[in-house]
Amino acid sequence: MRIYILYGFGVLLCISGVGYLAVEYIKYLSEPGKLACLALTTAMFALFGKYFDERGW
Amino acid sequence: MTAKNRSSLYLYLALVCFAGILAIFVVDGYLGIYDTLYITVQEREQVIEPDYWDQRWVKESYEGYSLGARWGESIPFRYQIDNRSFSTYSVDVEVSVWRGGQKVIVPLDKIEVSVAPFKKAIVEWTLRFEDLEETSPVSGEYREYTVRIRRGEIERKIIVSYYPESPVYPEKVPPLSVPVTEPAR
(Lines give C-alpha, C1' and ligand atoms only; values in the text may rest on other atoms or scores of the structure.)
Protein backbone atom coordinates (compact mmCIF):
# COMPACT_ATOMS: atom_id res chain seq x y z
CA MET A 1 0.00 0.00 0.00
CA ARG A 2 2.80 2.40 0.97
CA ILE A 3 4.50 1.87 -2.36
CA TYR A 4 1.36 3.03 -4.19
CA ILE A 5 1.26 6.18 -2.08
CA LEU A 6 4.86 6.86 -3.07
CA TYR A 7 4.02 6.20 -6.74
CA GLY A 8 1.08 8.57 -6.52
CA PHE A 9 3.27 11.22 -4.89
CA GLY A 10 5.88 10.83 -7.64
CA VAL A 11 3.27 11.06 -10.38
CA LEU A 12 1.80 14.21 -8.80
CA LEU A 13 5.25 15.81 -8.61
CA CYS A 14 5.93 14.95 -12.27
CA ILE A 15 2.59 16.35 -13.42
CA SER A 16 3.01 19.55 -11.41
CA GLY A 17 6.58 20.00 -12.72
CA VAL A 18 5.56 19.49 -16.33
CA GLY A 19 2.54 21.76 -15.80
CA TYR A 20 4.74 24.53 -14.35
CA LEU A 21 7.18 24.30 -17.27
CA ALA A 22 4.31 24.32 -19.77
CA VAL A 23 2.82 27.45 -18.17
CA GLU A 24 6.20 29.19 -18.25
CA TYR A 25 6.94 28.23 -21.86
CA ILE A 26 3.49 28.83 -23.29
CA LYS A 27 3.74 32.54 -22.47
CA TYR A 28 6.27 32.92 -25.28
CA LEU A 29 4.28 31.01 -27.91
CA SER A 30 2.37 32.71 -30.69
CA GLU A 31 -1.43 32.30 -30.91
CA PRO A 32 -1.31 29.69 -33.73
CA GLY A 33 1.38 27.84 -31.77
CA LYS A 34 -0.83 27.75 -28.67
CA LEU A 35 -3.75 26.45 -30.72
CA ALA A 36 -1.64 23.72 -32.34
CA CYS A 37 -0.27 22.71 -28.93
CA LEU A 38 -3.79 22.49 -27.52
CA ALA A 39 -4.92 20.28 -30.43
CA LEU A 40 -1.89 18.00 -30.09
CA THR A 41 -2.32 17.76 -26.31
CA THR A 42 -5.97 16.78 -26.73
CA ALA A 43 -5.06 14.18 -29.34
CA MET A 44 -2.25 12.86 -27.15
CA PHE A 45 -4.50 12.33 -24.13
CA ALA A 46 -7.21 10.77 -26.33
CA LEU A 47 -4.69 8.34 -27.84
CA PHE A 48 -3.27 7.47 -24.42
CA GLY A 49 -6.84 6.83 -23.28
CA LYS A 50 -7.45 4.52 -26.23
CA TYR A 51 -4.14 2.76 -25.56
CA PHE A 52 -5.00 2.03 -21.93
CA ASP A 53 -8.56 1.13 -22.95
CA GLU A 54 -7.20 -1.44 -25.42
CA ARG A 55 -5.01 -2.90 -22.71
CA GLY A 56 -8.03 -3.40 -20.51
CA TRP A 57 -7.27 -0.75 -17.81
CA MET B 1 -4.86 -5.69 -37.19
CA THR B 2 -4.57 -7.46 -33.86
CA ALA B 3 -5.58 -5.81 -30.59
CA LYS B 4 -1.94 -5.64 -29.47
CA ASN B 5 -0.84 -3.94 -32.70
CA ARG B 6 -3.72 -1.49 -32.45
CA SER B 7 -2.86 -0.54 -28.88
CA SER B 8 0.80 -0.08 -29.90
CA LEU B 9 -0.33 2.16 -32.76
CA TYR B 10 -2.27 4.37 -30.30
CA LEU B 11 0.81 4.59 -28.09
CA TYR B 12 3.07 5.55 -31.00
CA LEU B 13 0.60 8.16 -32.22
CA ALA B 14 0.44 9.63 -28.72
CA LEU B 15 4.24 9.81 -28.66
CA VAL B 16 4.20 11.48 -32.09
CA CYS B 17 1.79 14.09 -30.68
CA PHE B 18 4.17 14.69 -27.76
CA ALA B 19 7.09 15.09 -30.18
CA GLY B 20 4.95 17.51 -32.19
CA ILE B 21 4.33 19.65 -29.09
CA LEU B 22 8.06 19.80 -28.39
CA ALA B 23 8.72 20.69 -32.07
CA ILE B 24 6.18 23.54 -31.86
CA PHE B 25 7.92 24.93 -28.79
CA VAL B 26 11.28 24.92 -30.59
CA VAL B 27 10.09 26.23 -33.99
CA ASP B 28 7.70 28.80 -32.56
CA GLY B 29 10.42 30.07 -30.27
CA TYR B 30 12.78 30.51 -33.21
CA LEU B 31 10.35 32.20 -35.60
CA GLY B 32 9.49 35.88 -35.20
CA ILE B 33 11.01 39.34 -35.41
CA TYR B 34 13.93 39.96 -33.06
CA ASP B 35 15.89 43.12 -32.40
CA THR B 36 19.30 43.41 -30.81
CA LEU B 37 21.00 46.62 -29.73
CA TYR B 38 24.77 47.11 -29.67
CA ILE B 39 25.94 50.20 -27.80
CA THR B 40 29.57 51.12 -27.27
CA VAL B 41 30.30 53.25 -24.22
CA GLN B 42 33.64 53.75 -22.52
CA GLU B 43 35.32 51.40 -25.01
CA ARG B 44 33.03 48.54 -24.09
CA GLU B 45 30.30 47.16 -26.29
CA GLN B 46 27.06 46.38 -24.53
CA VAL B 47 24.64 43.99 -26.17
CA ILE B 48 20.95 44.18 -25.34
CA GLU B 49 19.42 40.90 -26.40
CA PRO B 50 15.73 40.62 -27.44
CA ASP B 51 14.99 38.60 -24.28
CA TYR B 52 15.84 41.61 -22.11
CA TRP B 53 12.61 43.41 -23.09
CA ASP B 54 10.49 40.31 -22.32
CA GLN B 55 11.51 40.17 -18.67
CA ARG B 56 8.63 40.75 -16.30
CA TRP B 57 10.23 43.57 -14.31
CA VAL B 58 11.19 45.45 -17.49
CA LYS B 59 7.65 45.14 -18.87
CA GLU B 60 5.99 46.19 -15.63
CA SER B 61 8.24 49.09 -14.68
CA TYR B 62 9.05 50.11 -18.26
CA GLU B 63 12.17 51.82 -17.09
CA GLY B 64 14.31 50.94 -20.04
CA TYR B 65 17.95 49.96 -20.17
CA SER B 66 20.35 52.17 -18.23
CA LEU B 67 23.92 52.90 -19.14
CA GLY B 68 26.55 55.39 -18.04
CA ALA B 69 28.82 57.43 -20.29
CA ARG B 70 31.60 59.94 -19.79
CA TRP B 71 30.77 63.60 -20.15
CA GLY B 72 31.29 64.63 -23.78
CA GLU B 73 31.37 61.08 -25.11
CA SER B 74 29.67 60.28 -28.40
CA ILE B 75 27.85 56.96 -28.33
CA PRO B 76 27.51 54.78 -31.43
CA PHE B 77 24.38 52.63 -31.66
CA ARG B 78 23.83 49.61 -33.86
CA TYR B 79 20.27 48.28 -34.09
CA GLN B 80 19.89 44.87 -35.68
CA ILE B 81 16.52 43.58 -36.87
CA ASP B 82 16.38 39.84 -37.44
CA ASN B 83 13.47 38.68 -39.58
CA ARG B 84 12.87 34.99 -38.88
CA SER B 85 9.65 34.70 -40.84
CA PHE B 86 8.61 33.62 -44.32
CA SER B 87 7.63 37.10 -45.54
CA THR B 88 9.46 40.39 -45.99
CA TYR B 89 9.28 42.61 -42.92
CA SER B 90 8.93 46.34 -43.54
CA VAL B 91 8.84 48.83 -40.69
CA ASP B 92 9.56 52.47 -39.88
CA VAL B 93 12.41 53.11 -37.47
CA GLU B 94 12.82 56.43 -35.68
CA VAL B 95 15.21 57.45 -32.94
CA SER B 96 14.71 60.47 -30.70
CA VAL B 97 16.37 61.76 -27.54
CA TRP B 98 14.25 63.10 -24.69
CA ARG B 99 14.90 64.90 -21.44
CA GLY B 100 12.25 65.94 -18.94
CA GLY B 101 9.43 64.90 -21.26
CA GLN B 102 10.68 67.09 -24.11
CA LYS B 103 12.24 66.00 -27.34
CA VAL B 104 15.80 67.29 -27.54
CA ILE B 105 17.16 65.92 -30.80
CA VAL B 106 16.36 63.33 -33.45
CA PRO B 107 19.53 61.39 -34.25
CA LEU B 108 17.69 59.26 -36.79
CA ASP B 109 14.69 60.56 -38.66
CA LYS B 110 11.97 58.12 -39.65
CA ILE B 111 13.34 55.63 -42.18
CA GLU B 112 11.71 52.58 -43.67
CA VAL B 113 13.62 49.36 -43.16
CA SER B 114 12.81 46.31 -45.23
CA VAL B 115 14.18 42.92 -44.20
CA ALA B 116 14.01 39.87 -46.47
CA PRO B 117 12.82 36.54 -44.99
CA PHE B 118 15.41 34.98 -42.67
CA LYS B 119 17.78 37.93 -43.16
CA LYS B 120 19.04 40.69 -40.90
CA ALA B 121 19.19 44.44 -41.31
CA ILE B 122 21.31 46.89 -39.34
CA VAL B 123 20.51 50.52 -38.60
CA GLU B 124 23.32 52.66 -37.23
CA TRP B 125 23.48 56.11 -35.73
CA THR B 126 25.59 58.05 -33.26
CA LEU B 127 24.42 60.06 -30.31
CA ARG B 128 26.72 63.09 -30.51
CA PHE B 129 27.22 64.89 -27.25
CA GLU B 130 27.73 68.23 -29.05
CA ASP B 131 24.18 68.01 -30.42
CA LEU B 132 22.78 67.92 -26.90
CA GLU B 133 24.15 71.45 -26.36
CA GLU B 134 25.10 70.80 -22.79
CA THR B 135 26.93 73.40 -20.75
CA SER B 136 29.88 72.60 -18.54
CA PRO B 137 28.88 70.38 -15.65
CA VAL B 138 28.81 71.50 -12.08
CA SER B 139 31.07 69.31 -9.99
CA GLY B 140 29.41 66.02 -9.16
CA GLU B 141 26.39 66.69 -11.37
CA TYR B 142 25.25 64.32 -14.08
CA ARG B 143 22.70 64.45 -16.88
CA GLU B 144 20.24 61.82 -17.96
CA TYR B 145 18.72 61.44 -21.40
CA THR B 146 16.23 58.93 -22.75
CA VAL B 147 16.91 57.50 -26.18
CA ARG B 148 13.65 56.25 -27.67
CA ILE B 149 13.89 53.79 -30.53
CA ARG B 150 10.57 53.28 -32.25
CA ARG B 151 10.13 50.30 -34.53
CA GLY B 152 6.55 50.35 -35.72
CA GLU B 153 4.43 49.96 -32.59
CA ILE B 154 7.33 48.78 -30.47
CA GLU B 155 9.44 51.19 -28.46
CA ARG B 156 12.78 50.56 -26.76
CA LYS B 157 14.01 52.98 -24.12
CA ILE B 158 17.67 53.52 -23.30
CA ILE B 159 18.52 55.86 -20.44
CA VAL B 160 21.94 57.40 -20.86
CA SER B 161 23.59 59.08 -17.89
CA TYR B 162 26.51 61.41 -18.63
CA TYR B 163 28.93 61.66 -15.74
CA PRO B 164 31.54 64.41 -15.64
CA GLU B 165 35.08 63.18 -15.31
CA SER B 166 36.62 64.06 -11.99
CA PRO B 167 40.32 63.70 -11.25
CA VAL B 168 41.14 60.89 -8.89
CA TYR B 169 43.42 63.19 -6.84
CA PRO B 170 43.05 66.96 -6.53
CA GLU B 171 45.77 68.83 -8.37
CA LYS B 172 46.78 70.81 -5.31
CA VAL B 173 45.99 69.66 -1.82
CA PRO B 174 44.76 72.56 0.33
CA PRO B 175 46.33 72.88 3.78
CA LEU B 176 44.37 71.05 6.40
CA SER B 177 45.19 73.57 9.14
CA VAL B 178 46.88 76.91 9.64
CA PRO B 179 50.65 76.53 10.08
CA VAL B 180 51.68 76.74 13.68
CA THR B 181 53.88 79.74 14.37
CA GLU B 182 56.57 79.65 16.97
CA PRO B 183 55.66 81.37 20.21
CA ALA B 184 57.38 84.70 20.83
CA ARG B 185 60.14 84.59 23.38
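How many residues does α2(A) have, and how far does α2(A) reach from its first C-alpha to its last? Select residues 31-54 of chain A, the stretch that makes up helix α2, and keep in mind throughout that you are looking at a predicted model. The helix has 24 residues and reaches 35 Å between those two C-alpha atoms, close to the 34 Å expected at 1.5 Å a residue.

**Stop 1: along the helix**

Show the side chains of A:Cys37, A:Leu40 and A:Leu47, which are buried in α2(A). Then step past the helix to A:Gly56, which follows α2(A) and has a positive phi, near 85 degrees.

**Stop 2: where the chains touch**

Now bring up both chains together. The contact takes 17 residues from chain A and 15 residues from chain B. On the chain A side, helix α2 gives the largest share, twelve residues. Colour that side by residue type and you will find eleven nonpolar, three polar and three charged residues.

**Stop 3**

Zoom in on β1(B), residues 32-41, which pairs with β2(B) in the antiparallel sense over five bridges. Two of the pairs to pick out are B:Thr40 with B:Glu45 and B:Tyr38 with B:Val47. The two strands form a hairpin with two residues between them, and in the turn B:Gln42 has a positive phi of about 50 degrees.

Is β2(B) well covered or hardly covered? Hardly: among its five residues, the count of buried ones is zero.

**Stop 4**

As background, nonpolar side chains tend to be buried together in soluble globular proteins. For the largest nonpolar core in this model, which has 15 residues, select B:Ala69, B:Ile75, B:Tyr79, B:Val147, B:Ile149 and B:Val160, the members that touch the most others. Strands β1, β4 (75-84), β8 (143-151) and β9 (154-163) of chain B each supply at least two residues of this core.

Leaving aside neighbours within four places in sequence, B:Val160 is in contact with B:Leu67, B:Ala69, B:Ile75, B:Tyr145 and B:Val147.

Note on methods
Residues numbered from 1 in each chain as written. Chains lettered and ligands numbered in written order. Predicted model: local features only at pLDDT ≥ 70, side-chain atom pairs only at ≥ 80, totals over all residues. Pairing = 2+ DSSP bridges. Helix = DSSP H or I, 4+ residues; strand = E, 2+ residues; numbered from the N terminus. Buried ≥ 20, exposed ≤ 12 C-beta atoms within 10 Å, placed from the backbone. Contact = placed C-beta atoms within 7 Å. Nonpolar A, V, L, I, M, F, W, Y, C, P; charged D, E, K, R; others polar. Core = buried A, V, L, I, M, F, W, Y, C linked by C-beta atoms within 7 Å. Expected span 1.5 Å × (residues − 1).
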